Amino acid sequence: MAFFRPRVSREAEVRFHADQEISKSYPDLIEKARQAEAVVHDLREADAPELELRAAGLLLDKALTDALRAAEAGQRSTFGVKAYDDRIARRKAKATPDGARWTAEVDRLRTLREENRLTGIPRLPRPVPAAR
């Protein structure tokens, strides 16, 4: 008696195609992140006020987050449709050259984002309400 099981779920196929579409925007998003990083660097070199540095740091954070999401989608789609349902398939796909490249890129972007969040966005004191 043979038992037939579908190779992947319909949900995995839908997520796979969605990730492929999201990952197409990765080059544009990483370029926006590079531009935002250049702006932050230029402002630091010019000793800009902390309000401007904070605004530029927050824009860099948003750009890095968007690029990270696209890179994660690219990573998942590179792993293949079976990897959405099967952790072993995901682990095997991570060991391929393309999978390792995307994994390294995702790790690099996470590190950049966390470094920016910890040291790149100046903290401003909260305004104290005036006493009546």
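Visitor: In this predicted model, is glutamate 114 buried, partly exposed or exposed?
Guide: The relative accessible area of glutamate 114 is 36%. Because buried residues lie under 20% and exposed ones over 50%, a value of 36% makes glutamate 114 partly exposed.

Visitor: With which residue does glutamate 114 form a salt bridge whose closest N and O atoms are 3.8 Å apart, and by how much of a helix are the two separated?
Guide: The closest N and O atoms of this pair are 3.8 Å apart, and the partner of glutamate 114 is arginine 117, a residue that is itself partly exposed at a relative accessible area of 32%. Because glutamate 114 and arginine 117 are three residues apart in helix α5 (residues 97-120), their separation is about one helical turn.

Visitor: Which residues are linked with Glu114 and Arg117 in a network of salt bridges?
Guide: Glu114 and Arg117 do form a salt bridge with each other. The network that holds them also takes in two further names, Asp61 and Arg113.

Visitor: What is the N to O distance between lysine 24 and glutamate 21?
Guide: Lysine 24 counts as exposed at 58% relative accessibility, and glutamate 21 counts as exposed at 51%. Their side chains meet in a salt bridge, N to O, at 3.1 Å.

Notes. Residues numbered from 1 in each chain as written. Predicted model: local features only at pLDDT ≥ 70, side-chain atom pairs only at ≥ 80, totals over all residues. Heavy atoms only, no water. Salt bridge = Lys/Arg side-chain N within 4 Å of Asp/Glu carboxyl O. Buried < 20%, exposed > 50% of the residue type's maximum accessible area, 1.4 Å probe, protein only. Helix = DSSP H or I, 4+ residues; strand = E, 2+ residues; numbered from the N terminus.
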